[in-house]
Each structure stands twice: as C-alpha cells, then as structure tokens.
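Biologist: Could you zoom in on a single part of this fold for me and walk me through how it packs against its neighbours? I'd like to know who touches whom, and what kind of residues do the touching.

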Amino acid sequence: MGQLNRRKGVLVTTAGIVLISPDSLILRVVGGDPFTLLFARCGFACLTLIVLSLLLNRSQGIKQLYQLTRAEWFIAVMFSLSTILFVFAVMNTTVANTFVISSVGPLFGAILSRFFLGELVARRTWVAILIIIIGLSIIFSESLESGGLAGDCAALLGAIGISAIFVVIRKHPEISMLPALAWSCVVVAIMAFPKAQLSLLTINDWGLLLLLGLFILPVAQALMTLGPRYITAPEVSLIQRIEALLAPLWVWLVLGEVPSKSTLQGGILILVTLVGLAAWAMREEKRVAVT
C-alpha cells in the first residue's frame with residue numbers, strides 16, 4: 001500500500017509539473033501588458049480553484065473558503081506577490097532565466113526554516129548554497145549587459161516568497177492549500193483589474209487565457225498540492241526540476257528563444273547541484289527507513 005501511494009504521489013506531482021510547464025509560453029504568445037495577463041490568468045483560475053476546493057472538501061468546502069486562518073491568509077498573500085513577480089519576470093527576462101532562478105526556492109526554504117523553525121541545515125545544503133550563488137552570479141552578470149536584470153530579480157524574489165510559503169506549511173501541515181490558492185488569485189485579479197486592458201486581447205488570446213486560467217493553472221496547482229501528501233520532500237524537489245527544463249523548451253520550440261551561454265552555464269551548475277542534493281537526501285531517508 002505504501003509503494004502504491006508513493007507511485008501515486010510521483011505520478012500526480014509529475015502530471016502537475018508537466019501540465020503547468022506551458023504557462024510561460026502562453027503568456028509570451030498572448031503578450032500584452034502584465035496587468036491584463038495577471039487579471040485574466042488569475043481571474044479565471046480562481047473560479048476553477050473554488051470549484052475544486054468545494055469538490056475535494058465536500059463536508060467543509062464552503063467553511064474552508066470563508067474561514068481561513070492567519071497562516072492560510074499569509075500563504076494567500078505571499079502566493080499573490082509571487083504570482084505577480086513570476087509574470088513580471090517572464091515578461092522581462094528569458095524564460096530559462098526565470099525558471100532556473102526560481103528553482104533555488106527550496107534552498108531559501110532551508111535557510112528560512114533554520115531561522116524561523118530552528119531546524120538544522122545540513123552541511124551539504126550549505127555547500128549547495130555556495131555553489132548555487134556562483135551559478136546565480138553567472139546568470140546575473142549576463143543580465144547586467146542584456147537588460148534583463150529586473151526580471152531576474154523578480155524571479156529571485158518570487159522564489160523567496162514561495163519558500164516562505166513552504167516554511168509555513170511545514171509548521172502548519174494541517175493547512176488546506178486550495179482555499180488559500182483560490183484567494184490568492186482573487187487578490188491578484190482585484191489588484192490587476194484597474195489597469196487591465198482587456199479590449200486589446202484578440203479572440204485567440206482569450207482562448208489561450210481561458211485554457212490557461214480555467215484548466216492548466218488550477219488543475220496543475222491542485223495536482224501539485226495533492227502529490228506531496230504521498231512522497232517525501234526530496235522527491236518533490238527532484239520532480240519540480242522538470243519544469244526548469246520543460247518551460248524553456250516549449251518557448252524555444254515555438255518562439256525560438258535560445259538561452260544565453262551564461263544562462264546555460266549557470267543553469268546547469270544550479271540544476272545539477274539541486275538534483276544531486278535531492279538525490280542525496282532521498283538516499284539518506286531510505287537508509288534511515290531501513291535501519
């Protein structure tokens with residue numbers, strides 16, 4: 001039964017990552033200003049997230065939507081800010097930069113856990129952090145010349161915001177994520193609406209944003225919320241690295257956006273370090289389980 005649950009967790013988490021990977025491609029294809037994209041993306045997504053929350057929590061679905069705890073409101077607000085930063089990053093730097101930089105979130109989570117939860121950080125994690133700082137320096141140095149520094153900084157701040165969310169979840173594992181995610185989309189839609197220029201969107205744009213908002217984004221988030229219930233944190237971290245490979249791949253295949261040499265060098269260094277760290281942690285957890 002345990003092995004069956006683990007396979008379920010791997011399958012569900014992977015499906016969520018693969019499903020959400022064209023997100024940045026759709027944003028690039030539609031184009032337009034960030035406010036319009038944020039309103040349409042999150043406005044549609046909140047509708048599906050509310051429905052999913054009610055379906056998955058039938059007995060207490062409505063209560064959970066209207067009675068969020070302080071921790072859940074914190075998650076909603078932080079996820080709102082991270083969403084805004086993500087869209088800004090995608091529109092102001094390369095997709096490869098956005099996802100490589102965003103992938104360092106788990107290490108920020110380890111640092112935040114050390115200061116706010118008192119959890120010890122393994123020596124290998126500190127070594128990984130130093131290596132990743134080198135990788136980020138390579139990427140940022142190239143952005144100083146190409147003009148993508150603002151987007152890179154937005155991606156980094158968004159990664160810190162997501163890591164803060166996971167620290168709160170570690171402290172409050174009873175939290176139901178879907179209501180918090182739904183409210184985060186509501187907050188973003190309300191903030192973006194006054195400056196959104198919806199009249200500039202074409203029929204094709206509306207079709208892509210409907211697909212993204214009503215299906216891709218909320219369903220992927222629901223899957224990525226459910227998956228970690230059945231697998232360990234290192235396994236989740238390892239699977240999440242797939243998005244940093246797929247998202248730039250879709251943009252390259254459709255729009256021809258090629259990552260720079262510095263992005264490839266720094267990105268490979270960061271992703272190899274993160275994969276190695278996750279694999280090491282998985283090996284140690286199996287060893288502890290056996291003993």
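Modeller: Let's start with helix 7 against helix 9: G105, F108, G109, L112 and S113 of helix 7 meet L156, A159, I160, S163, A164, V167 and R170 of helix 9. Contact here means heavy atoms within 4.5 Å.

A quick word on what you're looking at. This is a predicted model, where local features need pLDDT of at least 70 and side-chain atom pairs count only at pLDDT 80 or more, while totals for chains, interfaces and linings use all residues. Residues are numbered from 1 along each chain as its sequence is written, and side-chain values use heavy atoms, with hydrogens and water left out.

On to the geometry. Two packed helices are described by the angle between their axes and by the distance between those axes. Helix 7 is residues 105-116, and its axis sits 8 Å from that of helix 9, at an angle of about 50 degrees. That makes helix 7 oblique to helix 9. For the labels, angles under 35 degrees count as roughly parallel, over 145 as roughly antiparallel, 65 to 115 as roughly perpendicular, and the rest as oblique. Axes are lines fitted to C-alpha atoms, for helices over the stretch in contact, with angles running from 0 to 180 degrees between N-to-C directions. The helices themselves are DSSP runs (H or I, at least four residues), numbered from the N terminus. Helix 7 passes helix 9 in a right-handed crossing, meaning that the near helix is turned clockwise from the far one by less than a right angle, with anticlockwise being left-handed.

Next up is helix 6, residues 95-102, whose axis comes within 8 Å of the helix 9 axis and crosses at roughly 30 degrees. Helix 6 and helix 9 are therefore roughly parallel to each other. The crossing of helix 6 over helix 9 is right-handed. On the helix 6 side you'll find N97, T98, I101 and S102, which meet D152, A155, L156 and A159 of helix 9. By class, that gives four nonpolar, three polar and one charged residues.

Then there's helix 5 (residues 70-92), which packs with helix 9 (residues 149-171) at about 160 degrees, the axes being 8 Å apart. That angle makes helix 5 roughly antiparallel to helix 9. Helix 5 passes helix 9 in a left-handed crossing. Helix 5 puts in A71, F74, I75, M78, F79, S82, L85, F88, A89 and N92, and helix 9 answers with A150, G151, A154, A155, L157, G158, G161, I162, A164, I165, V168 and I169. The tally is 17 nonpolar, five polar and no charged residues.

Some of those names come back in the nonpolar cores, which are sets of buried Ala, Val, Leu, Ile, Met, Phe, Trp, Tyr and Cys residues joined through side-chain atoms within 4.5 Å. The largest core has 48 residues, and L27, I75 and L209 have the most contacts inside it. Apart from that core lies another, of 16 residues, including A89 and A154.

Now for a couple of individual residues on these helices. S80 is in helix 5 and is buried, with a relative accessible area of 2%. Buried means under 20% relative accessible area, exposed over 50%, and partly exposed in between (1.4 Å probe, protein chains only). Leaving aside residues up to four places away in sequence, S80 touches S184, V187 and V188.

With residues up to four places away in sequence left out, V100 touches I139, G267 and I270. V100 and P248 are 148 residues apart along the chain, yet their C-alpha atoms are separated by 9.5 Å.

Key:
Helices (H or I, at least four residues) and strands (E, at least two) are DSSP runs, numbered from the N terminus. Ala, Val, Leu, Ile, Met, Phe, Trp, Tyr, Cys and Pro count as nonpolar, Asp, Glu, Lys and Arg as charged, and the others, Gly among them, as polar.
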